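Here are my notes for going through this one with you. Keep the viewer open and find each piece as we get to it.

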Protein chains: 2
Amino acid sequence: MRSHYCGDLRASHIGEEVKLCGWVHRRRDHGGVIFLDVRDREGIAQVVFDPDEQAAFKLADKVRSEYVISIVGKVRARPEGSSNPDMATGEIEVLGKQIEILNQAETPPFPLDEYSAVGEDVRLKYRFLDLRRPEMQNKLRFRSKVTSIIRNFLDENGFLDIETPILTRATPEGARDYLVPSRVHPGSFYALPQSPQLFKQLLMVSGFDRYYQIAKCFRDEDLRADRQPEFTQIDIETSFMNEEDIMSMTEKMVRQLFSNLLDIDLGEFPRMTYAEAMERFGSDRPDLRIPLELTSIDDLMQSVEFKVFNGPANDPKGRVVALKAPGGASLSRKQIDDYGKYVSIYGAKGLAWIKVNAINDGINGLQSPILKFIPEETIQALMKRLDAKDGDIIFFGADKAKVVNESIGALRVKLGEDLNLIERPWAPLWVIDFPMFEENGKGGWTALHHPFTSPACSPEALKANPDTALSRAYDMVLNGTELGGGSIRIHDQQMQESVFEVLGLGEEELKDKFGFLLDALKYGCPPHGGLAFGLDRLVMLMTETSSIREVIAFPKTQTASCVMTQAPSEVDTQQLHELNIRIRKHI
Amino acid sequence: MRSHYCGDLRASHIGEEVKLCGWVHRRRDHGGVIFLDVRDREGIAQVVFDPDEQAAFKLADKVRSEYVISIVGKVRARPEGSSNPDMATGEIEVLGKQIEILNQAETPPFPLDEYSAVGEDVRLKYRFLDLRRPEMQNKLRFRSKVTSIIRNFLDENGFLDIETPILTRATPEGARDYLVPSRVHPGSFYALPQSPQLFKQLLMVSGFDRYYQIAKCFRDEDLRADRQPEFTQIDIETSFMNEEDIMSMTEKMVRQLFSNLLDIDLGEFPRMTYAEAMERFGSDRPDLRIPLELTSIDDLMQSVEFKVFNGPANDPKGRVVALKAPGGASLSRKQIDDYGKYVSIYGAKGLAWIKVNAINDGINGLQSPILKFIPEETIQALMKRLDAKDGDIIFFGADKAKVVNESIGALRVKLGEDLNLIERPWAPLWVIDFPMFEENGKGGWTALHHPFTSPACSPEALKANPDTALSRAYDMVLNGTELGGGSIRIHDQQMQESVFEVLGLGEEELKDKFGFLLDALKYGCPPHGGLAFGLDRLVMLMTETSSIREVIAFPKTQTASCVMTQAPSEVDTQQLHELNIRIRKHI
């Protein structure tokens, strides 16, 4: 029905007769002539109807915005001085000879080029119109290119695309499952997978050697800006490869992706241990675009009398840090107060600070409410350690290490953005040497990744010192976002049992939930490992999108609804009857 | 951890030192030497350990079947006369120098090369072992290649891979939905999609122009050999293309697939109307590999006194057909009786037959229990119409047309197989010109495809004659299996309303279920159409597999269970509580 896409027409087509299909993007009458901007997936072409072609002119006069039309016409250069350098097709226009109205359109509930004035709910209700916006077209198109490039890379590297079930058993990620009542087995439920983790490990046991899947995953959790009930994972697993091999291959994949789609060379990814990342950035996914760092000053503060500092400095679980921000001395009291409120979100009880006005004037060149609590020599030692300069501000965090890391780590990123300190657009890295466990708050241990992650030590060492045991996990981090996480998995039955022992999982629970995996370990499980990337986040980062809903065609709202289809919705009692369930009435 | 895959070693590697990883497929001691067949994804290599390498020899002596090992050794030619032409690696062997046991293995619950002796349930319980069989490896690998080729074809043709939701609203296919209770919206449920039909139409309204997705679909129906609760669809939709364009593009895709993977040229697909397919083959997915055809003989039988024939021959909804099978005159009475039982599955009340022993002997050359009921001249006319020859058997169907078509259509296929009449391995075709509606048994109409299929006539003609209205649907059929089905969809609001009117759908129901689609039609919906292929069936056909469970990594049994993970399973009361449902107790 078309000879060309509208957006593909160029000066090289001048003189050709073309047939176009698309939507009326804009219609103007000017000097007795009708101009239609006709839009399709590839862009917009200007089509001109003059009264010489009487029938076409009359029809063109009837069309309105968003009508679907088909036109036949001849490409010509735009008249001298009227070409539009902002449009890819701006050098040419089409002199329309015929026009057919393929479908009419009512006035849209919101103008496509003024969408931002309407609420997101209206746009989601009319998602089919919202998706006509070039921005949304570009984002979903970009997403399609991302998956295509990744698939080709993995295909070329011998990975097999194998589908795993959506109707399955509860998986070990630990978030809340979506359940599906079984009609055939009354009282039983399928769970939607939180990831294909166990299945991909079984595929390794089966000898498929290299597996991948771009897989839908599900978590019934309360939603934040970057969360959706269903999300998509680039899921990878290999046998007989160590962490070095896996990191190198997937790093190559991501570098190729950025190079092909954004013409950006990410360079080699630096590696950083979890311990170093926490020490220097207070985060296991540090944003290395920002040159600020946390400096530990526990040693300096252990003997000061200022309790806010000396308490945490002397607490084995406490931490005292300084964060120096160049240029921050010009921050107003109000701005500093706002940062105080910001860190309180992360549990910080206050935010001490020192402004460096004139470093050479010693203590007199500094400005701070806390100077009087700290001996001058300590201040001097601090300034020296931080290499403080005129115009700096120094913030302090002193609390349990967890609170300090989270609050000052977040402050670091916020300051970096607010003070325009971001040094480069992309900063990838690998974080490695994660702890195997973290305290579960009930005197026991919980797995930092998942219980199938291989420890980097022997089973005996693991059981003896669960607090210091490291795992063979690795996360790929980009600009402060975790792009993907993975690990070498446990292939040894004894090791797996040791991990379960530390986690305090009962034999009954184990057998019930993971019996088949434990079985599989008995029958010749190869060494294996893998990685999973969050596709939605990857596309968000690459397209500089802040809301996950902008990179998904039909997303859910923050209450997990689709306002367009009205899902979820009520269903017939008969359906519930067949499924052997009933709705619980609230009393 | 490896230098080569086991199965990739060839004579060209002789002299090279290699490192292999894999499973011990077989272990033999012979002449003081240990032979290990080491298996990986690519195949098997023979590794020899002799006592000269003492340490390795001792370790090699310890390994058992399905142990996971890593070996280092040197490739050499097998000794004169001991090469194995049945093995890809049969010209060489590896002289082992080092061996490492990466994991041990208990004796598998069934020997991999004698799997057929154990029940399918055992194989499914230990699916991770069952999948080690080369046959299963090859099938899933083949499936991965199929999707890769299809994706590349569609990518090259400008199709965008766009994901549609899994947690959604009930879709219009009409089978039973799987439901997912919502925690956030008590008493409401998501449905898992039976297809992405409505979403892909909305993507056309949005102007994406060409969409595809390899999409999981769900139907909670009772399972047959070729059904699964979740199945995979190659889902395609385009705008501004007519049926000719869509059929030609997707035919090209399937031909390319067969050519690339099986080196088979399917040739151009013939087209056949639904009416012709039913007339000649009693089926809208005729298996054209089989040269048998149904011949209508209503006219001949209208005036015979034999009620079994004259009743249906005079009934406007009846049909009388003959099916001639060359060579069938040698069938035994027992065999004919069995065919009688076979057609009874499809509702036939009997199976009349005539054997042609000597056509030139007239009525005396025939053998049949029904000869006495039918005048000789009718028999003669019948023999002439059928061009009967010595050795033929002629079967008859006489009943409601539906019963005749289904029973004799099925008999045709069975006879074709039993009598070895299959003429060629592959017989594709397009079936077109489907009826728009079929009777719903309650005096009304139901859509033969789905209610969004475009009729081939005007809204007025549709409402005036729903019984004869044709649709713009098309099915791709291969060897008697529907590979894919599609249609041009309705893009005109008035047409859509007319279809709903014929179907007798109430306004309330419409608005509730499809309100968003009807809305979308108002705002500039382009002409569009598409097609969906069943990936599982496609792979089954291409790999000559009779059970759908053999082309899916982790399938469900016929009671929709996974015997490996024990899904579906019982869940905590607390979980149900959060979901606001309870299990209905049977009284």
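Before we start on strands: two strands count as paired if DSSP finds at least two bridges between them. One more thing to keep in mind is that this is a predicted model.

1. **Strand 22 of chain B and its partner, strand 21.** Strand 21 of chain B, residues 481–488, pairs with strand 22 of chain B in the antiparallel sense, over 5 bridges. To find the spot on screen, look for Ile488(B), which stands opposite Gly529(B) in strand 22 of chain B.

2. **Another partner, strand 10.** Strand 22 of chain B also pairs with strand 10 of chain B (residues 230–239), again in the antiparallel sense, and here there are 7 bridges. A handy landmark is Glu237(B), which sits opposite Gly530(B) of strand 22 of chain B.

3. **Is strand 22 of chain B enclosed or open?** Count the residues: strand 22 of chain B spans 528–534, and 6 of its 7 residues are buried, so the rest of the structure largely encloses this strand.

4. **The barrel in chain A.** In chain A, 5 strands form a closed barrel in the order 1-2-3-5-4, and the pairing is mixed. On average, neighbouring strands of this sheet are turned by 55 degrees against each other, if you ignore direction. For a closer look, pick strand 2 (residues 33–40) and strand 3 (residues 43–49) of chain A: they run antiparallel and are joined by 7 bridges. Ile34(A) has Phe49(A), in strand 3 of chain A, as its bridge partner.

5. **Helix 4 against helix 16, chain B.** Back to chain B. Helix 4 (residues 134–156) and helix 16 (residues 535–542) of chain B pack at about 120 degrees, and their axes are 10 Å apart. On the helix 4 side of chain B, the contact residues include Phe142(B), Val146(B) and Ile150(B), and on the helix 16 side they include Leu535(B), Leu538(B) and Met542(B). Sorted by class, the residues of this contact between helix 4 and helix 16 of chain B are 7 nonpolar, 1 polar and 3 charged.

6. **Helix 10 against helix 12, chain B.** Helix 10 (residues 333–344) and helix 12 (residues 401–418) of chain B pack at about 140 degrees, with 9 Å between their axes. That angle makes helix 10 of chain B oblique to helix 12 of chain B. Helix 10 of chain B passes helix 12 of chain B in a right-handed crossing. Helix 10 of chain B brings Tyr339(B), Tyr342(B) and Val343(B) to the contact, while the residues from helix 12 of chain B include Ala410(B), Leu411(B) and Leu415(B). This contact of helix 10 with helix 12 of chain B has 6 nonpolar, 1 polar and 2 charged residues.

7. Leu140(B) is in helix 4 of chain B. With a relative accessible area of 3%, Leu140(B) is buried. Which residues does Leu140(B) touch? Leaving out residues up to four places away in sequence, Leu140(B) touches Phe208(A), Leu131(B), Val551(B), Ile552(B) and Ala553(B). Check Glu550(B) too: it is 410 residues from Leu140(B) along the chain, yet their C-alpha atoms are separated by 8.6 Å.

8. **Backbone details to check.** In chain A, a cis peptide bond joins Ala567(A) and Pro568(A), with omega about 0 degrees. Pro568(A) sits in the loop between helix 16 and helix 17 of chain A. In chain B, the peptide bond from Ala567(B) to Pro568(B) is cis, with omega near -5 degrees. Then look at Phe240(A), a residue other than glycine with a positive phi, near 55 degrees. At 1% relative accessibility, Phe240(A) counts as buried.

How values were computed:
Residues numbered from 1 in each chain as written. Chains lettered and ligands numbered in written order. Predicted model: local features only at pLDDT ≥ 70, side-chain atom pairs only at ≥ 80, totals over all residues. Heavy atoms only, no water. Axes fitted to C-alpha atoms, helices over the stretch in contact; angles between N-to-C directions. Helix = DSSP H or I, 4+ residues; strand = E, 2+ residues; numbered from the N terminus. Contact = heavy atoms within 4.5 Å. Nonpolar A, V, L, I, M, F, W, Y, C, P; charged D, E, K, R; others polar. Buried < 20%, exposed > 50% of the residue type's maximum accessible area, 1.4 Å probe, protein only. Parallel < 35°, antiparallel > 145°, perpendicular 65-115°, else oblique. Left-handed = near helix turned anticlockwise from the far one by under 90°.
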